[in-house]
Amino acid sequence: MIDASEILIFLVTLFATLLGPICGIGGGVIINPVIESFQIMPVAASSFLSSAAVMIMALVTIFQKTIKHNLSIDSFQVLPLAVGSAVGGVVGKIVFNELSQSFFPNPELTGAVQGALLVILCFAAIIFVIFKSKIETLHVDSTCLVLLIGFIAGMLWSFLGIGGGPFNVALLLFFFSLNSKEAAQASLFIISFSQAANIIYSVCLGGVPQIDLSILFGMCASAVAGSFIGSWASKRMNLVAVDKVYVAALGLVLIVCIFNFVNFIQLASI
């Protein structure tokens with residue numbers, strides 16, 4: 001029997017993943033805290049479920065746009081960034097695990113530091129998008145540089161414990177001068193690689209946590225629905241509307257990050 005908490009998780013997954021096709025935010029940074037707030041499963045399980053849902057959404061969205069010939073990016077041009085981000089994410093996770101055992105033994109303090117950095121990044125991304133018309137952007141086309149940018153970004157997102165979705169779009173807008181819809185599609189392409197790499201890494205190390213299959217299937221179904229609804233909405237929105245949704249979504253992520261920061265600070269002080 002599905003209880004109220006599971007229904008709410010499915011609804012939050014639906015809402016968070018429909019942001020992906022619209023503005024390129026995977027939604028994991030929204031889904032994960034909600035699951036954890038119910039305290040119905042370990043943190044590792046909620047993180048795995050969130051990654052699976054976001055990956056499904058990204059893959060389904062890319063597949064939809066490919067078969068309908070609506071993909072407005074050159075996947076081969078985005079591929080080095082996606083590969084660099086995926087590799088950087090795995091390397092970042094390995095390094096973070098080693099450093100956290102040696103230098104950050106208090107997980108609550110680590111979470112507080114991550115939360116504070118995420119708050120700063122959210123503010124920076126919001127300001128950039130609002131004033132992007134007055135900021136001179138770049139046109140990076142060197143494959144080596146693209147790989148390096150992806151690798152560094154992947155490591156940073158891994159250190160911060162996120163998939164990078166909220167900030168991939170800002171990165172794509174600045175370094176590659178894409179428009180908002182192109183950046184959203186490229187972000188999903190990157191997310192699909194990074195989440196797949198994250199899941200494969202967990203499987204290879206035998207680190208897949210015990211999960212409730214009914215919740216997994218429910219979240220994946222919600223992610224598929226979010227992909228279709230988001231894609232439908234995106235086709236009816238202009239670039240200005242996409243930017244507004246992106247800023248609003250970043251505002252929501254900012255609220256979540258502030259909440260997490262305050263919560264971790266309180267736990268660290270106990």
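Good morning. K132 sits in the loop between α5 (107-130) and α6 (143-159), whereas D243 belongs to helix α10 (residues 239-269), so the bridge ties together parts that are 111 residues apart in sequence. Please bear in mind throughout that this is a predicted model.

Are the two partners buried or exposed? K132 has a relative accessible area of 22% and is therefore partly exposed. D243, with 17% relative accessibility, counts as buried, because the limit for buried is under 20%.

I turn now to the nonpolar core. The largest such core comprises 71 residues. Within this core, the residues with the most contacts are C23, L81, F176, M219 and Y246. Which helix supplies the largest share of this core? That is helix α3 (residues 43-67), which contributes 10 residues.

Let us take Y246 as one example from that group. If neighbours within four places in sequence are set aside, Y246 is in contact with C23, I25, A125, V129, P166, F167, V169 and A170. One of these partners, C23, is itself among the core residues with the most contacts.

My next topic is the aromatic rings. A search of the whole structure finds six aromatic pairs. In one of them, the rings of F96 and F159 have their centres 6.0 Å apart and their planes at 90 degrees, so this pair is edge-to-face. F96 lies in helix α4 (residues 75-102) and F159 in helix α6, so the pair ties together parts that are 63 residues apart in sequence. F159 counts as partly exposed, at 26% relative accessibility.

A second example is the pair of F175 and F176, whose arrangement is tilted: the distance is 6.5 Å centre to centre, with 55 degrees between the planes. F175 is partly exposed, with a relative accessibility of 26%, whereas F176 is buried, at 16% relative accessible area. Which residues do ring pairs link into a cluster? The cluster consists of F128, F174, F175 and F176.

To close, I would draw attention to F176. This residue belongs to the cluster of linked rings, and F176 is also listed among the residues with the most contacts inside the largest nonpolar core. Thank you.

Key:
Residues are numbered from 1 along each chain as its sequence is written. This is a predicted model: local features need pLDDT of at least 70, side-chain atom pairs count only at pLDDT 80 or more; totals for chains, interfaces and linings use all residues. Side-chain values use heavy atoms; hydrogens and water are left out. A nonpolar core is a set of buried Ala, Val, Leu, Ile, Met, Phe, Trp, Tyr and Cys residues joined through side-chain atoms within 4.5 Å. Buried means under 20% relative accessible area, exposed over 50%, partly exposed in between (1.4 Å probe, protein chains only). Helices (H or I, at least four residues) and strands (E, at least two) are DSSP runs, numbered from the N terminus. Contact means heavy atoms within 4.5 Å. Rings of Phe, Tyr and Trp (its six-membered ring) pair if their centres lie within 6.5 Å; planes under 30 degrees apart count as stacked, over 60 as edge-to-face and the rest as tilted.
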